Amino acid sequence: MNSKKPFWEKPLDQLDAGEWEALCDGCGRCCLHKAEDADTRHIYGTNIACRLLDRETARCTDYPNRKRHVPDCLQLTQAKVGEVTWLPDSCAYRLRHEGHPLPEWHYLVCGDPEAVHAAGASIRGWTVAEEDAGDIEDHLAPDPL
Ligand code: SF4
Ligand code: SF4
């Protein structure tokens, strides 16, 4: 019975590599800079985009080679998804890890890759480029965005 479910309703450990990649909603929020307080270890969000992030499409501009340009880029895996505390609440991996359904604007649910932007769930429209940002302390948000 379980096998008749669409893959995005299955447990994460049942997804193959292609399904795992396809689960991403394309929001781009994990590609914004964060800042960690050295004393408290609290992680702040910012609206500063990674240098490889296309701020209009919310996609990485060199995904296959991203580690070469951004060595600390997160490679999200099933093992890590429960450990990364700063993933946004709406992240598809976080939602499925916690047993929640995908939102209605997820392209796998609604069929429209633009819906994530129309729903205001992506980084489109409110980020700043790394080279224009200046001091990161001027961009801190209380929590990851
Ligand atoms: S936050 Fe999650 S769903 Fe959004 S782009 Fe990053 S990995 Fe994909
Ligand atoms: S290198 Fe690409 S995938 Fe990694 S944080 Fe930057 S834009 Fe996102």
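Some conventions first. Residues are numbered from 1 along each chain as its sequence is written, and chains are lettered from A and ligands numbered from 1 in the order in which they are written. Since the model is predicted, local features need pLDDT of at least 70 and side-chain atom pairs count only at pLDDT 80 or more, while totals for chains, interfaces and linings use all residues.

The protein chain contains six helices and three strands, where helices (H or I, at least four residues) and strands (E, at least two) are DSSP runs numbered from the N terminus. Their order along the sequence is α-β-β-α-α-α-α-β-α. With a radius of gyration of 16 Å, close to the 15 Å from the globule rule for 145 residues, the chain is as compact as a globular protein of that length. Here the radius is taken over C-alpha atoms, and the rule is 2.2 Å times the number of residues to the power 0.38. The C-alpha trace spans about 55 × 35 × 30 Å along its principal axes.

Burial was assigned by counting other C-beta atoms, placed from the backbone, within 10 Å of a residue's own: 20 or more make it buried, 12 or fewer exposed, and values in between partly exposed. By that count, 20% of the 145 residues of the protein chain are buried. Contacts were defined as pairs with C-beta atoms, placed from the backbone, within 7 Å. Of the contacts between residues at least 6 apart in sequence, 59% join residues at least 24 apart.

Next comes the sheet. The three strands form an open sheet in the order β1-β2-β3, with mixed pairing; two strands are said to pair if DSSP finds at least two bridges between them. β1 (32-36) and β3 (128-129) are the edge strands, each pairing on one side only. β1 and β2 run in the antiparallel sense and share four bridges, with E36 finding its bridge partner in I43 of β2. β2 (residues 43-49) and β3, by contrast, pair in the parallel sense over two bridges. On this side, I48 stands opposite V128 and A49 has A129 as its bridge partner.

Leaving aside residues up to four places away in sequence, A49 touches C31, L32, R55, I123, T127, V128, A129 and E130.

A residue counts as near a ligand if its C-beta atom, placed from the backbone, lies within 6 Å of it. Ligand 1 is surrounded by 13 residues, the closest being C24, D25, C27, C30 and C91. The shell of ligand 1 comprises nine nonpolar, two polar and two charged residues, with Ala, Val, Leu, Ile, Met, Phe, Trp, Tyr, Cys and Pro classed as nonpolar, Asp, Glu, Lys and Arg as charged, and the others, Gly among them, as polar. Around ligand 2 lie C31, C50, L52, L53, C60, R66, V70 and C73, giving seven nonpolar residues, no polar ones and one charged residue.

Finally, a few single positions deserve a look. R41 is not a glycine, yet has a positive phi of about 70 degrees. R41 sits in the loop between β1 and β2, a hairpin with six residues between the strands, and is exposed, with 8 other C-beta atoms within 10 Å. A58, likewise not a glycine, also has a positive phi of about 70 degrees. The place of A58 is the loop between β2 and α2 (66-69), and A58 is buried, with 22 other C-beta atoms within 10 Å. In helix α1 (residues 17-22) lies G18, which is exposed, having 9 other C-beta atoms within 10 Å.

Technical notes. Two residues are in contact if their C-beta atoms, placed from the backbone, lie within 7 Å.
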